[in-house]
Amino acid sequence: MRGNDREAAVRRLLEQAPRPLPPEIHTEAVRRGGRILRRRTLARRAMWLLLFAAAVAFTVWALTARPWVEPPSDTTPPLTGW
């Protein structure tokens, strides 16, 4: 099929009256759409919960380990009793 033939075929399809859809398609689409929305909501809530748990775990670790404090030196003994 060349470009002109394709264009003519598409125009014929677009000029035709749309075919009627079976009535059960609407109810099936609504059911599936609701299920998809519920799954997305559940996934979004789970991701926020996971993010919050990671932030709390990081905060507890940082307050416990205090990685910003320089560790004491173990190579030189303290100078006491001179």
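Start by selecting residues 3-15, helix α1. At 1.5 Å a residue, its 13 residues should span 18 Å, and the end C-alpha atoms are 18 Å apart, so the two values agree. The expected span is 1.5 Å times one less than the number of residues. Helices here are DSSP runs (H or I, at least four residues), numbered from the N terminus.

Before moving on, note that this is a predicted model: local features need pLDDT of at least 70, side-chain atom pairs count only at pLDDT 80 or more, and totals for chains, interfaces and linings use all residues. Residues are numbered from 1 along each chain as its sequence is written, and side-chain values use heavy atoms, with hydrogens and water left out.

**Stop 1: helix α1**

Colour α1 by accessibility. The number of buried residues among its 13 is 1, so α1 lies largely in the open. Buried means under 20% relative accessible area, exposed means over 50%, and partly exposed is in between (1.4 Å probe, protein chains only).

Now show the side chains of Arg11 and Glu7. They meet in a salt bridge, 3.0 Å from N to O. A salt bridge here is a side-chain nitrogen of Lys or Arg within 4 Å of a carboxyl oxygen of Asp or Glu. Both residues lie in α1, 4 residues apart, about one turn of the helix. Glu7 counts as partly exposed, at 41% relative accessibility.

**Stop 2: the loop**

Select Arg19, in the loop between α1 and α2. Arg19 is exposed, with 75% relative accessibility. Then draw a line from Arg19 back to Asp5. The two are 14 residues apart in sequence and 23 Å apart in space, C-alpha to C-alpha.

**Stop 3**

How many salt bridges does the structure hold? There are 3. Go to Glu28, Arg31 and Arg32, which are linked in a network of salt bridges.

Take Arg31 and Glu28. Their closest N and O atoms are 2.5 Å apart. Both lie in helix α2, 3 residues apart, about one turn.

Next, Glu28 and Arg32. Their side chains meet at 3.1 Å, N to O. These two are 4 residues apart in α2, so about one helical turn separates them.

Is Glu28 buried, partly exposed or exposed? Glu28 is partly exposed, with a relative accessible area of 30%. Arg31 is partly exposed at 45%, and Arg32 is partly exposed at 46%.

**Stop 4: a nonpolar patch**

Move along to Phe52, in helix α2 (residues 24-65). At 57% relative accessibility, Phe52 counts as exposed. Phe52, Val56 and Val60 make a nonpolar surface patch of about 290 Å². Patch residues have over 30% relative accessible area and no salt bridge; like charges are joined within 9 Å, nonpolar side chains (Val, Leu, Ile, Met, Phe, Trp, Tyr) within 5 Å. Areas come from the Shrake-Rupley method with a 1.4 Å probe; for residues, only the protein chains shown count as cover.

**Stop 5: two rings**

The structure holds 1 aromatic pair. Phe58 and Trp61 form it: the pair is tilted, 5.8 Å centre to centre, with 40° between the planes. Rings of Phe, Tyr and Trp (its six-membered ring) pair if their centres lie within 6.5 Å; planes under 30 degrees apart count as stacked, over 60 as edge-to-face and the rest as tilted. Both residues lie in α2, 3 residues apart, about one turn of the helix. Phe58 is exposed, at 54%. Trp61 is partly exposed, at 46%.

**Last stop: after α2**

Finish on Arg66, in the segment after α2. Its phi is near 45°, a positive value in a residue other than glycine. Arg66 is partly exposed, with a relative accessible area of 44%.
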